[in-house]
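Here is my note on the model, as numbered points. Please read it with the structure open.

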Amino acid sequence: MLDIKIERTTTPKEKPADETKLGFGHIFTDHMFVMNYDAGQGWHDARIVPYGDLSLSPAAMCLHYGQEIFEGLKAYRTADGSVQLFRPQENFKRMNNSAERMVIPKINEEDMLYALKTLVKMEQDWVPHTEGASLYIRPFIIAVDPYVGVKPADHYLFIIILSPSGAYYSTGLNPVKIYVENKYVRAVRGGTGFAKTAANYAISLAGQEEAHEQDYEQVLWLDGVERKYVEEVGSMNIFFVIDGEVVTPQLLGSVLPGITRKSAIEICKKKGYKVSERKISIEEIAEAYDNGKLDEVFGTGTAAVISPVGHLKWGDKVMEINNNKIGPVSQMLYDTMTGIQWGKIPDEFGWIVKID
């Protein structure tokens, strides 16, 4: 068992009085988990300390060469007041996959889970009580060697911070407008598209800005080689319901293996839907739309869970999906997933981890 030293803050923060105005990612709890890695010693010195700034050299390698990975998950408060996590083992498994790609030392997944449960239990009063709100969890690893040179680092920090966050859909589960990006690409096979690393998100900003200029909310990314196969939407995985079949891009190395994506596939299969993971071209999507067979489009991700798509713009072609309304598959997935996460319906899959 990981030996975690605990230093409690002497100046606890005042918790938000109005949980309907939490927003996302700008309020942080009193404490954070920190652990060091040094070459020859491995991961060591696990500790929970007061939340605060880090002291880094201006030459820290994470600042210059992007050797960094992160994860994102949530803690939920149920009606009986208990706190629970949704499939955290999957996040830490993916974190180690990201670590391998970015040449970062892996961490024992049981140790990561124990560290997270210990921190969340200590900060459980920060888990919101308001409907739809949750405690966002951000584990990350950064290379901290004070060295301006391109090589794997010898020293790292693993940190977990917590942020109470408001309901993603404050005005209801409204469909979004998506712009198909033809100029920029997000990732290519053999690159880092499957890893959760900072550069993947920075590289998406130009396309995102272009979409906003055209009054669209998110970007649908195409593959980086043939520029024809659908990959992701914004920072989410993408799904289509075509003539009753649920279709999502195959994981070929350039698409993030989302935990919400995986859960959506498993739920759909259990509900009896035909589900296909395969290459799907934007031309196929447009043809399905023209033939009246494009029933639904939606994104999946930790923050939104399910994000229905109401409009899809590809070049001059604008496709209105399901009369700009959420479809039955999207609604079923949202209700099922959030029902399990907040303990409103039974967990038939064994996905929930309780904070004792």
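1. Contact here means heavy atoms within 4.5 Å. With that cut-off, and not counting residues up to four places away in sequence, Lys-196 touches Ile-69, Phe-70, Glu-71, Gly-72, Arg-94, Ser-98, Tyr-201 and Leu-256.

2. Some ground rules on the source. This is a predicted model, in which local features need pLDDT of at least 70 and side-chain atom pairs count only at pLDDT 80 or more, while totals for chains, interfaces and linings use all residues. Residues are numbered from 1 along each chain as its sequence is written, and side-chain values use heavy atoms, with hydrogens and water left out.

3. On the annotated lysine: an unreviewed UniProt entry lists Lys-196 for "modified residue: N6-(pyridoxal phosphate)lysine". UniProt positions are given in the numbering used here, feature names are shortened, and annotations may be inferred rather than shown by experiment. Lys-196 is found in the loop between strand 9 (176-180) and helix 4 (198-202); helices (H or I, at least four residues) and strands (E, at least two) are DSSP runs, numbered from the N terminus. Is Lys-196 buried or exposed? Lys-196 has a relative accessible area of 10%, so the residue is buried. The classes are buried under 20% relative accessible area, exposed over 50% and partly exposed in between (1.4 Å probe, protein chains only).

4. The domain assignment gives domain 1 (5-165) and domain 2 (176-341). Such bounds come from an automatic or database domain assignment. The centres of domain 1 and domain 2, taken over C-alpha atoms, are separated by 28 Å. The contact takes 20 residues from domain 1 and 21 residues from domain 2.

5. Domain 1 and domain 2 bury about 1,800 Å² between them, with 58% of it on carbon and sulfur atoms. In domain 1, the residues that lose the most area to domain 2 are Phe-86, Arg-94 and Arg-101, together 35% of what that side buries. Buried area is the accessible area (1.4 Å probe) that two parts lose on being put together, summed over both. Arg-94 is also among the residues that Lys-196 touches.

6. How many salt bridges does the rule find across the interface of domain 1 and domain 2? There are 2, and a search of the whole structure finds 15. The rule asks for a side-chain nitrogen of Lys or Arg within 4 Å of a carboxyl oxygen of Asp or Glu.

7. Arg-87 forms a salt bridge with Glu-266, the closest N and O atoms being 3.6 Å apart. Arg-87 lies in the loop between strand 6 (83-86) and helix 2 (88-101) and Glu-266 in helix 6, so the pair ties together parts that are 179 residues apart in sequence. Arg-87 counts as buried at 6% relative accessibility, whereas Glu-266, at 26%, counts as partly exposed.

8. A second pair is Lys-344 and Glu-131, whose closest N and O atoms are 2.4 Å apart in a salt bridge. Lys-344 sits in the loop between helix 8 (328-341) and strand 18 (352-355), and Glu-131 in the loop between helix 3 (109-122) and strand 7 (134-143), so parts 213 residues apart in sequence are tied together. Lys-344 counts as exposed at 53% relative accessibility, and Glu-131 counts as exposed at 58%.

9. The side chains of Arg-278 and Glu-284 meet in a salt bridge at 2.7 Å, N to O. Arg-278 is partly exposed at 25% relative accessible area, and Glu-284 is partly exposed at 26%. Elsewhere, salt bridges that share partners join Arg-87, Glu-90, Lys-93, Lys-262 and Glu-266 into one network.

10. Helix 2 has 14 residues and reaches 20 Å from its first C-alpha to its last, close to the 20 Å expected at 1.5 Å a residue. The expected span is 1.5 Å times one less than the number of residues. Buried residues of helix 2 include Glu-90, Arg-94 and Ser-98. Just after helix 2, Val-103 takes a positive phi of about 55 degrees.

11. Helix 6 (residues 259-270) has 12 residues that should span 16 Å, and its end C-alpha atoms are 17 Å apart, which agrees. Among its buried residues are Ile-259, Arg-261, Ile-265 and Cys-268. Gly-272 follows helix 6, with a positive phi near 95 degrees.
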